[in-house]
Structures are given as C-alpha cells and as structure tokens.
Amino acid sequence: MEREVLAREIIETCLEMTRLGLNQGTAGNVSVRYQGGMLITPTGTPYERLTESSIVFVDAAGQFEEGKIPSSEWRFHQAVYHTRPDANAVVHNHAVHCTAVSILNRPIPAIHYMIAVGGGNSIPCAPYATFGTRQLSEHVARAMKDRKATLLQHHGLIACEENLQKALWLAHEVEVLARLYLTTLAIVDPVPVLPDEEIALVLEKFKTYGLRIEE
Ligand SMILES: C[C@H](O)[C@@H](O)[C@@H](O)C(=O)COP(=O)(O)O
Ligand SMILES: [Zn+2]
C-alpha cells in the first residue's frame with residue numbers, strides 16, 4: 001500500500017482510539033510495518049494535529065527521517081515486528097482498566113472465553129521498565145512471543161495484529177476484559193476462570209471465526 005494511504009490509516013486509528021475512550025492526551029502510539037521498517041506516529045503530538053506528513057519512517061536499523069522524531073516507543077514497536085512475523089500493525093495506549101490491572105502487576109486470567117483473542121489463556125503483564133528504553137522493548141518481546149497483546153506494568157497496553165483495524169479491535173477487547181476482571185476482582189479474589197481445555201477449544205474455533213471488515 002502507498003505510504004500516504006497507510007499514514008492516513010494510522011491517523012484514523014489514533015482518532016478512533018480516542019473516540020473509543022482508550023486514550024487521553026498524547027499518550028499512546030500506532031505503527032504499521034513498512035518496507036523492512038515501520039511507519040509510526042511522531043512523539044508527543046496530539047492526535048488531532050497529525051497530518052500524513054507527520055508520520056515517521058523508521059528503518060530496520062532504527063534510523064529515522066531527518067527533521068522528524070518518531071514515538072519514544074519505536075523500540076518496542078520494532079521488537080514486536082521482530083518477534084511476531086504475523087503482525088503488520090501495533091497499537092499502544094494507556095486505557096484506564098488495562099493500566100489499572102497493570103498497576104496490580106497481574107496478568108488478566110481466563111475470566112471470559114474472549115481471552116483467546118490475545119492468542120492464549122491470559123493477557124500477560126510485562127515487567128516495568130522506563131518508557132522508551134531497550135529494556136522495555138526486551139520485556140515486550142518476551143511477553144509477546146506467544147501472545148498478540150500484553151499489559152505493561154505501571155504503564156498500559158500493547159496489541160498487534162495483521163492490520164490496523166484488527167489491532168485496534170484487539171486493544172478494545174482487552175480493555176473490556178480488563179474492566180470485567182477489575183469488576184469481578186472487587187467481589188472475589190481469585191476470580192473464577194475457564195479451564196485450559198476450554199480456552200484451547202476456543203483458540204481452535206477462532207482460527208475460522210473473527211472480525212470481518214472490508215479492506
Ligand atoms: C511518556 C510517554 O507518554 C510514554 O508513556 C509513551 O509510552 C507514550 O505512550 C507516548 O509517547 P510518544 O508520544 O513518544 O509516542
Ligand atoms: Zn505509553
């Protein structure tokens with residue numbers, strides 16, 4: 001796809017993320033895999049101010065275009081693309097319920113069968129490291145080796161998918177799971193969970209069932 005079209009899709013994804021209540025201020029960032037590297041949102045820029053020319057190309061070596069500064073988190077986006085060849089889009093946000101669970105430093109367990117959207121029986125919580133660091137990107141790579149989403153301790157959420165629409169959809173689903181988890185956790189701890197065999201069955205069914213949107 002042409003760079004300008006992808007840049008517009010990135011901006012639409014950012015704006016939709018805010019409309020869905022998944023983000024606030026300049027928190028979060030969005031990227032797509034592009035020409036061996038990625039196209040990514042610039043650092044510290046309110047989404048409503050973004051234009052196609054604000055989007056930054058970062059190459060495989062981590063070099064970026066002159067005169068533009070990519071998201072401070074380009075390293076963990078790059079780590080996801082290395083770790084997950086199936087991912088073409090990455091979304092990061094500070095959604096309130098995901099971030100609240102991350103502060104408790106807990107994975108989201110199999111409280112609902114939709115946990116399988118993340119590729120397993122839990123949404124993990126990657127250990128804390130300062131934002132923008134190589135250490136954080138290493139934690140992300142480890143957590144997302146066998147998952148499409150992870151919480152970031154004391155920080156937020158990352159989700160990846162084959163395209164931007166699906167990555168945003170996944171981020172929204174995980175936020176719903178986090179909300180369900182916190183709601184039930186206020187009543188009982190540990191929260192009842194589905195057995196691994198049931199999640200394995202749902203994972204199998206999800207191979208042919210999922211979000212259907214026209215490209
Ligand atoms: C401090 C940053 O907000 C950090 O939380 C980062 O992870 C983020 O969400 C937005 O940073 P960028 O504007 O640099 O993408
Ligand atoms: Zn962040």
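Strand β1, residues 29–34, is mostly covered, with five of its six residues buried. Here, a residue is buried if 20 or more other C-beta atoms lie within 10 Å of its own, exposed if 12 or fewer, and partly exposed in between, with C-beta atoms placed from the backbone. Strands (E, at least two residues) and helices (H or I, at least four) are DSSP runs, numbered from the N terminus. The model is a predicted one, so to speak of local features takes a pLDDT of at least 70, side-chain atom pairs count only at pLDDT 80 or more, and totals for chains, interfaces and linings use all residues. Residues are numbered from 1 along each chain as its sequence is written, while chains are lettered from A and ligands numbered from 1 in the order in which they are written.

Now for the partners of β1, where two strands pair if DSSP finds at least two bridges between them. With strand β4 (residues 89–93), β1 pairs in the antiparallel sense over four bridges, and V32 has A89 as its bridge partner in β4. Strand β2 (residues 37–40) also runs antiparallel to β1, again with four bridges; in β2, I40 is the bridge partner of S31. The hairpin of β1 and β2 has two residues between the strands, and Q35 takes a positive phi near 45° there.

Zooming out, seven strands make up an open sheet with mixed pairing, in the order β3-β2-β1-β4-β7-β6-β5. At the edges stand β3 and β5 (125–126), each with a single partner strand, so one side of each has no neighbour in the sheet. For β5, strand β6 (residues 149–152) pairs with it in the parallel sense over two bridges, and C125 has L151 as its bridge partner in β6.

The protein chain as a whole has six helices and seven strands. From the N terminus on, these elements run α-β-β-β-α-β-α-β-α-β-β-α-α. What about the overall size? The C-alpha atoms fill a box of roughly 50 × 35 × 30 Å, taken along the principal axes. The radius of gyration, taken over C-alpha atoms, can be set against a globule rule of 2.2 Å times the number of residues to the power 0.38. For 215 residues a compact globule would come out near 17 Å, and the protein chain has 17 Å, so the two agree. Buried residues make up 44% of the 215 residues. Two residues are in contact if their C-beta atoms, placed from the backbone, lie within 7 Å. Of the contacts with a separation of 6 or more, 67% are between residues 24 or more positions apart.

As for the inside, a nonpolar core means a set of buried Ala, Val, Leu, Ile, Met, Phe, Trp, Tyr and Cys residues joined through C-beta atoms within 7 Å. The largest one has 58 residues, and those with the most contacts inside it are I10, V80, L157, A159, A167 and V174. Helix α5 (residues 164–185) gives the largest share of this core, nine residues. Leaving out residues up to four places away in sequence, A159 touches V91, K148, A149, A167, L170, A171 and V174.

Helix α2 (residues 74–83) is largely enclosed by the rest of the structure, because eight of its 10 residues are buried. Those buried in α2 are W74, R75, F76, H77, Q78, A79, V80 and Y81. Their cover includes β1, β2, β3 (56–58), β4, α4 (134–143) and β7 (156–161).

A87 is found in the loop between α2 and β4, and counts as buried because it has 23 C-beta neighbours inside 10 Å. Not counting residues up to four places away in sequence, A87 touches V80, Y81, C160 and E161. F64 has its place in the loop between β3 and α2; with 18 other C-beta atoms within 10 Å, F64 is partly exposed. Beyond its neighbours within four places in sequence, F64 is in contact with V56, F57, V58 and P70.

Finally, there is the ligand. A residue is near a molecule or strand if its C-beta atom, placed from the backbone, lies within 6 Å of it. Ligand 1 is surrounded by T26, A27, G28, N29, T41, T43, G44, S71, S72, E73, H92 and F131. This shell divides into two nonpolar, nine polar and one charged.

Conventions: Nonpolar A, V, L, I, M, F, W, Y, C, P; charged D, E, K, R; others polar.
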